Amino acid sequence: MRVLLLVSAFNGLSQRAWCALTEAGHDVGVLLATGPEEIVDGVRAAQPELIVCPYLKHRVPAQVWQQWRTVIIHPGPVGDRGPSSLDWAITEGATTWGVTALQAVEEMDAGPVWAHRTFPMPAAAPRKSALYQGPVADAALECITEVLAKAADPDFTPTPADEIEPARARPLMTQADRAFDWTAPTEHIVRRIRAADGFPGVRTEVAGLAVFAYDAHPGLALGVRPGAVLARRQGAVLVGTGDGAVWLGHLRAADPASGPRFKLPATTLLGQRLRGVPHAPVGPGGDAEHPSYRQIRYRRTGAVGWLMFDFYNGAMSTGQCRRLRAALQHAATQDTRVLVLRGGTDTFSNGIHLNLTEAAADPAGTAWANIKAINEVCREIIACTWQTVVAAYAGSAGAGGAMLGLGADVLAARAGIVLNPYYDIGLYGSELHTYTLPRRVGAETARRLLDERLPVSAEQAVGLGLVDEVGPRHPQDYTQWLTELAARLADPRAARARRTAKARALAGEAVPLDAYEAQELAEMSLDMFADRSGFAAARRAFVTKAAPAGTPQRLAARSAEPGRGARVSRPRAAADDAPAAQVRPAVPMSA
């Protein structure tokens, strides 16, 4: 079927939908919603048989939905209406939630239903972005699959929503709805901040500065003054509450005069306001008896070492890269046969920290230090010959983060994640990918992936050789599967043979790793310091979430062939409701 994805941004859910539909054999194009006139023109040029909107904040023009079947994926159960569905669900502690695929009509979220799913909500308040990327995205993909099957049935008619559930319209959640007082319980404050995580955050005051708060975690403190900044650790600050404390990992200045209008680590934004605030040490604790803000954790279970890292939104600063490298070096000295390097369930990694780069006094120098630090992490993974290294991609990965674990002996991904090699951000890329990528997929496929810059599903990645193993989609099932995989890899004889073979292969390389990195950094220097490919503007647009100017050609739908005649008809159920590139400048050395 000729399908057009009409989206406000090609986000994670849109990428999953694109991968699933493409792999199912459909002719899929993408149209970024930049304005009503552009939407109408884009749809006319594409002549789709079906329009699916996985992530759309814009209103679909009547000229479109009256002529083309248009299905909206709404992140709420049947009957739910409004732009803040997930915000209300988290804030009010809903026990179940859902996703509805409904046909576009004049009234927002009021069209007839094509498909719907429900799922249980986590007991602890989830971050809105984590809820969206996890259960919501999984349910949305199931709905989209059902929509495509029903769209092929000429006798199908969607069901009016009020025949399933009565409508419940909820308004846009405002800052007044989100507001909290620091004298409130920790759980109340964490829930409100997590309901606004991603966007827009919750306005409050920290260290005398008006900010929007994000990245909240329960802390531990007794007998403290609510609202007081008690400690800092790894970019976060600990703030007292009515019954304990909350770690705030990221903040955004409410006043443009006080800082940039994008998120930064809390300590970076607050700066000198934290003078005299002590640094909380990271000890061996971090268990349930002493909740703490820890981005990197290591534990051993028999012959398997588990090194887990979870950086907010997958962005890895220079300091975080250095801490992760040190943790890898520590893990490599332990008496284990397998080392599992596992990233966050929301995101494995998205590469270097663009927000910190943009906020720096010397953005080019900051980016340069960051890429060299992340390369050191990649080196530790590649050069580890004492253990079998498993890179566990529990979450999606993009840009340099997709390349980060390619040097592992085994790359084990969770079903449903997406790998998105280098974005259009104006960088050649490093992470020693000119060494690792061709060795996994071959030189020709490596070049194609880098030139196309299109998302790859975990399932497709296995066929390419990019991924070795794919585990279950549900995070708990994936953890159990990963534990069993690590136990199998820890077999003494097999582990010894694998280590020996890897050590010999590294020793026999005709070109040292230094040469691969030198080539990559030579290209990156032109991008970072000479701005050869527009890195500065692309970076600024990314961190400020600037509206796209148009749809990238690599994503756009092919124009309908003259005379082809896409099977287009006026929507049956809607009828009564209707009113009258960056060019890679060098060939990888391994190619």
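Analyst: Packing is judged here by contact, meaning heavy atoms within 4.5 Å. The model is predicted, so local features need pLDDT of at least 70 and side-chain atom pairs pLDDT 80 or more, while totals for chains, interfaces and linings use all residues. Residues are numbered from 1 along each chain as its sequence is written, and side-chain values use heavy atoms, without hydrogens or water.

Helices (H or I, at least four residues) and strands (E, at least two) are DSSP runs, numbered from the N terminus. The arc is taken from the directions from the helix axis to the C-beta atoms. Just after α2, Gln-47 has a positive phi of about 50°.

Helix α19 (residues 535–543) can be read in the same terms. Its buried residues are Phe-535, Arg-539 and Val-543. They span an arc of only 55° around the axis, which puts them on the same side of α19. Their cover includes α10 (354–359), α11 and α18. After α19 comes Lys-545, with a positive phi near 55°.

Helix α18 (residues 513–528) also packs with α13 (residues 433–441), at an angle of about 110° and with the axes 8 Å apart. α13 is therefore roughly perpendicular to α18, a term that covers 65 to 115 degrees. On the α13 side the contact is made by His-433, Thr-434, Tyr-435 and Arg-439, and on the α18 side by Leu-513, Tyr-516, Gln-519 and Glu-520.

Leu-437 is, with Leu-324 and Tyr-393, one of the residues that touch the most other members of the largest nonpolar core, which has 65 residues. Such a core is a set of buried Ala, Val, Leu, Ile, Met, Phe, Trp, Tyr and Cys residues joined through side-chain atoms within 4.5 Å. Helix α11 (residues 363–383) gives the most to this core, with 8 residues. A second, separate core of 43 residues includes Val-99, Val-136, Ile-144 and Leu-148. Not counting residues up to four places away in sequence, Leu-437 touches Met-403, Leu-406, Gly-442, Ala-446, Leu-449, Leu-450 and Leu-466.

Some backbone details remain. Glu-431 lies in the loop between β22 (418–420) and α13. Glu-431 has a positive phi of about 60° although it is not a glycine, and it is buried at a relative accessible area of 3%. Asp-215, in strand β10 (residues 209–219), is likewise no glycine and has a positive phi of about 55°; its relative accessibility of 3% counts as buried. A cis peptide bond, with omega about 5°, joins Phe-199 and Pro-200, and Pro-200 sits in the loop between α7 (186–195) and β9 (202–206).

Definitions and conventions. Axes are lines fitted to C-alpha atoms, for helices over the stretch in contact, and angles run from 0 to 180 degrees between N-to-C directions. Angles under 35 degrees count as roughly parallel, over 145 as roughly antiparallel, 65 to 115 as roughly perpendicular and the rest as oblique. Buried means under 20% relative accessible area, exposed over 50%, partly exposed in between (1.4 Å probe, protein chains only).
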